[in-house]
Every structure is written in structure tokens, then in C-alpha cells.
Amino acid sequence: MTHVRVRLSQAEVEIESDKLDAEDALQTAIDTLFTLLSRGSTAPDPEEADDTIGSASPAGANEMGINSVVAIVGGGSCREILIAAAAVIGIIQGRARFPRKEWEDVAAAAHMWKASYGSQKSRDIKRLIQSGELIENSKDVFSLAPSLRATLEAQLGR
């Protein structure tokens, strides 16, 4: 279990994760802290605190960004980061369907994204569809399957 707490001025970010090593957790915490400060916020909304413990929100109190979601659901592979990106769009942003390009852009914004994942994306997307975790509603438009959505919602406390 990695536990990182970073405080700057009146803002504090704390991350606990089984999925991130100390360096990645620290980088995520620092990025989150600077994002919060740049938006004039010093902390997530106290009413949201129970939902965001271990993953302060880089997009503000009501939204978690890709790095916070990766910290919770994992990001050790291209597949895991694609799932985290789908969670950001499908659960955090509340959109039932999302275009492939936007989904890939969100995934590529993750700190743990590696350049080598670019060649794996198509294969992993195909496997997510074949496994029933992802639904391709129309060409290059996707949604989370109900079972994966339920799992991710539980992990994200939503």
C-alpha cells in the first residue's frame, strides 16, 4: 500500500493506492495539488471527501481526472488505463457513450501511459469488446458494459 500526502499552502492532497508505486503516487498528488490550486480550490468539497479519500480530484471537487482514477482502479497496462479512461468518461462525466478518439485522448493523458501502448490500443480495445466489458454501439462509439460499470462504480465510490 502506497500512501502519499502533499500539502502546499492551504491545499492538501492524500493518495492511498495498492496500484501505484511511491513515485507515481507522488507525481499524481503533486499534479492534483497544482491543478486544484490553479483553479482556486484548496481542497475537494467536504461532502465529497468520503468519495475522494485516496484520490483527490484534479478536475475539482465533483470530478476525478484520469490520474486519480488510475490510482484507484489501476494503470499497470494499456488495458487498465483504457478501462480507467472509460470510467472517467462514462462514470465521472456521466456520459453513456463516448467516441474512440476522445477515449484514447483521455487514456493517453494518464501519467502511466507509455508510448509503446499506442501500438497495443487497438488490440486491447478489441479484447475489451470480445470479453463483453465494453460495448461498441456503432463504429468507434463505445459504452461500458453494465457489469464493468458496476465494478468501476464500486471502486470509485459512486
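Helices H4 and H7 pack at an angle of about 85°, and their axes lie 10 Å apart, where axes are lines fitted to C-alpha atoms, for helices over the stretch in contact, and angles run from 0 to 180 degrees between N-to-C directions. H4 and H7 are therefore roughly perpendicular to each other, a class that covers angles of 65 to 115 degrees, with those under 35 degrees counted as roughly parallel, those over 145 as roughly antiparallel and the rest as oblique. Ile 83, Ala 87, Gly 90, Ile 91 and Ile 92 of H4 meet Leu 148, Arg 149, Leu 152, Glu 153 and Leu 156 of H7, contact being defined as heavy atoms within 4.5 Å. By class, the contact of H4 with H7 comprises seven nonpolar, one polar and two charged residues; Ala, Val, Leu, Ile, Met, Phe, Trp, Tyr, Cys and Pro count as nonpolar, Asp, Glu, Lys and Arg as charged, and the others, Gly among them, as polar.

The model is predicted, with local features requiring pLDDT of at least 70 and side-chain atom pairs counted only at pLDDT 80 or more, whereas totals for chains, interfaces and linings use all residues. Residues are numbered from 1 along each chain as its sequence is written, and side-chain values use heavy atoms, with hydrogens and water left out.

The protein chain contains seven helices and five strands, these being DSSP runs numbered from the N terminus (helices H or I, at least four residues; strands E, at least two). Along the sequence, the elements follow the pattern β-β-α-α-α-α-β-α-α-β-β-α. Of the 158 residues in the protein chain, 44% are buried, where buried means under 20% relative accessible area, exposed over 50% and partly exposed in between (1.4 Å probe, protein chains only). Among contacts in the protein chain with a separation of 6 or more, 51% involve residues 24 or more positions apart.

Within helix H7 (residues 146-156), Leu 148, Leu 152 and Leu 156 are buried. Seen down the axis of H7, the buried residues fall within an arc of 60°, so they line one face of the helix, the arc being that of the directions from the helix axis to the C-beta atoms. An α-helix has 3.6 residues a turn, so residues three or four places apart point the same way. Pro 146, Ser 147 and Ala 154, on the other side of H7, are exposed, and H7 is followed by Gly 157, whose phi is positive, near 65°.

Helix H4 (residues 78-92) also packs against helix H5 (residues 100-108), with axes that come within 8 Å and cross at roughly 115°. H4 and H5 are therefore roughly perpendicular to each other. The contact is made by Ile 81, Leu 82, Ala 85, Ala 86, Val 88 and Ile 89 of H4 together with Glu 102, Trp 103, Val 106 and Ala 107 of H5, and the residues of this contact divide into nine nonpolar, no polar and one charged.

Helix H3 (residues 66-73) is mostly covered, seven of its eight residues being buried, including Asn 67 and Ser 68. Just after H3, Gly 74 takes a positive phi of about 110°. A positive phi, near 60°, is also found in a residue other than glycine, Asp 140, which is located in the loop between strand E4 (134-138) and strand E5 (141-144) and is partly exposed, with a relative accessible area of 29%. Ser 138, in strand E4, is partly exposed at 38% relative accessibility, and its C-alpha atom is separated by 9.4 Å from that of Pro 99, 39 residues apart along the chain.
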